[in-house]
Amino acid sequence: MNFIDEALLEVRAGNGGAGSTSFRREKFIPRGGPDGGDGGKGGDIIFRVDPNLNTLVHFRNQKYLIAKNGKTGSGKKKTGQDADDLVVLVPKGTIIFDALSEKIVYDCCDEDVDYLVAKGGEGGAGNCRFKSSTNQAPRRHTPGWPGDEISIRLELRSLADVGLVGFPNAGKSTFLKSVSAAQPKIGDYPFTTLRPNLGTVQIYDTSFIIADIPGLIEGASEGIGLGLDFLKHISRTGHLLILLDPQNTESLIEQQLTILLNELRTYDPSLLEKTIWIALNKKDTLAEDAILELQSTLKKTLASLDIHPKGVIAISGFTGDQTSELLGMIAREMMGGEGED
Ligand SMILES: Nc1nc2c(ncn2[C@@H]2O[C@H](COP(=O)(O)OP(=O)(O)OP(=O)(O)O)[C@@H](O)[C@H]2O)c(=O)[nH]1
Ligand SMILES: [Mg+2]
């Protein structure tokens, strides 16, 4: 499943309606006083979480969110009608940034909250408000207040359970494809995956979501390659599955592991507090004794880095060898160790 995970929008709340200038006109009352009512309030722009949404795709053709203006006041002290608020539905986990300052405005993670993004302007005052002992017939009214305007950027961080981490070409998308119904693009060149893919794994009586993100390389946490943009996608996954590629001719698996862990730590040290699984991928390309040797190298590297993964296993995403075992381990851990084999 591909998903658009970003949207840029101009948001404009409604302006308040103007107050009115009016005087009472009734038979036998020659000089009726001022009776111009206030203007109505402009519509707010409110964001709400819709649990049925999981993409920002509905914003694809949308650039503006504009709420209506309040109505002008009128005679007989009638206040203009308030404009309806514009309610915008977003998936859980949508983060709203101020597009200019890049500051987070809201993190929409609660279904029961109204996130007020732009407030409608208050209505202006009608002339009846300006009556005083010295001015019995004011002609003055004020315009409504302008509504808030803001440029925002929406970002949806995937709420997957497991984030796949690995060098380009490590076989992340192949793995996702073999264990879920997702159909990610696979290629024997780096950076085949340009946007995150999500897939749902069903095992035992449970299911969980795996996020396949573009490959990470050294310097990813500082913006080299595509990594930085996508590290955020795994910042909310509970588990990390690191795929190592024994066929990478430039970096040995222990180098891949060291670089990946280092990039994760540099981006956000709390990433390493997640449950970590390590898979030596492409097992089909290795002889049995080579696998054992690589696994013992991995153990030493992990010990030297003081990292303690929940499991280290050799798999092949390509042939499916040991993938069910790996998923089973993850599922059991998620279910609190209650799963069966
Ligand atoms: N022999 C073998 N080849 C594999 C395996 N998994 C993936 N490959 C091959 O490795 C290459 C890269 O696979 P992808 O799944 O596109 O790798 P990726 O990690 O998603 O790559 P990026 O999206 O570029 O980061 C492809 O040619 C795959 O056929 C495996 O288990 N065994
Ligand atoms: Mg890929």
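How many of the 6 residues of strand β12 (residues 239-244) are buried? The count is 6 of the 6, so β12 is largely enclosed by the rest of the structure. Buried means under 20% relative accessible area, exposed means over 50%, and partly exposed lies in between (1.4 Å probe, protein chains only).

This is a predicted model, in which local features need pLDDT of at least 70, side-chain atom pairs count only at pLDDT 80 or more, and totals for chains, interfaces and linings use all residues. Residues are numbered from 1 along each chain as its sequence is written, chains are lettered from A and ligands numbered from 1 in the order in which they are written, and side-chain values use heavy atoms, with hydrogens and water left out.

Helices and strands here are DSSP runs, numbered from the N terminus; a helix (H or I) has at least four residues and a strand (E) at least two. Both faces of β12 are covered. On one side sit His-239, Leu-241 and Leu-243. On the other sit Leu-240, Ile-242 and Leu-244. In a regular strand, side chains alternate between the two faces of the sheet.

Two strands pair if DSSP finds at least two bridges between them. Strand β9 (residues 162-166) runs parallel to β12, joined by 5 bridges. Here Gly-163 stands opposite Leu-240. Strand β13 (residues 275-280) also runs parallel to β12, with 6 bridges. Leu-244 faces Leu-280 across that pairing.

Axes are lines fitted to C-alpha atoms, for helices over the stretch in contact, and angles run from 0 to 180 degrees between N-to-C directions.

| Strands | Sense | Bridges |
|---|---|---|
| β1 (residues 6-12) and β8 (residues 149-156) | antiparallel | 7 bridges |
| β1 and β3 | parallel | 3 bridges |
| β5 (residues 94-98) and β6 | antiparallel | 4 bridges |

Some residue partners can be named. Leu-9 stands opposite Ile-152 in β8. Arg-12 has Ile-66 in β3 as its bridge partner. Ile-96 is bridged to Tyr-106 in β6.

Ala-7, Leu-9 and Val-11 form the covered face, while Glu-6, Leu-8, Glu-10 and Arg-12 form the uncovered one. Look at Glu-6. Its relative accessibility is 38%, so Glu-6 counts as partly exposed. Leaving out residues up to four places away in sequence, Glu-6 touches Leu-56, Arg-153, Leu-154, Glu-155 and Lys-232. Contact means heavy atoms within 4.5 Å.

Which protein residues are donors of the magnesium ion (ligand 2)? They are Ser-173, through OG, and Thr-193, through OG1, at 1.9 to 2.1 Å from the ion. Ser-173 lies in helix α1 (residues 172-179) and Thr-193 in the loop between α1 and β10 (197-203), so the pair ties together parts that are 20 residues apart in sequence. Donors are N, O and S atoms within 2.8 Å of the metal (3.2 Å for Na, K and Ca); water is not among the atoms, so sites may look incomplete. Both Ser-173 and Thr-193 are buried.

Helix α1 also packs against helix α5 (residues 323-334), at an angle of about 80° and with axes 11 Å apart. That makes α1 roughly perpendicular to α5. Angles under 35 degrees count as roughly parallel, over 145 as roughly antiparallel, 65 to 115 as roughly perpendicular and the rest as oblique. Phe-175, Ser-178 and Val-179 in α1 meet Thr-323, Leu-326 and Leu-327 in α5.

## Two loop residues

Most residues other than glycine have a negative phi. Lys-282 is not a glycine, yet its phi is positive, at about 60°. Lys-282 is found in the loop between β13 and α4 (288-305) and is partly exposed, at 22% relative accessibility. Asp-306 also has a positive phi, near 60°. Asp-306 lies in the loop between α4 and β14 (311-314). With a relative accessible area of 56%, Asp-306 is exposed.
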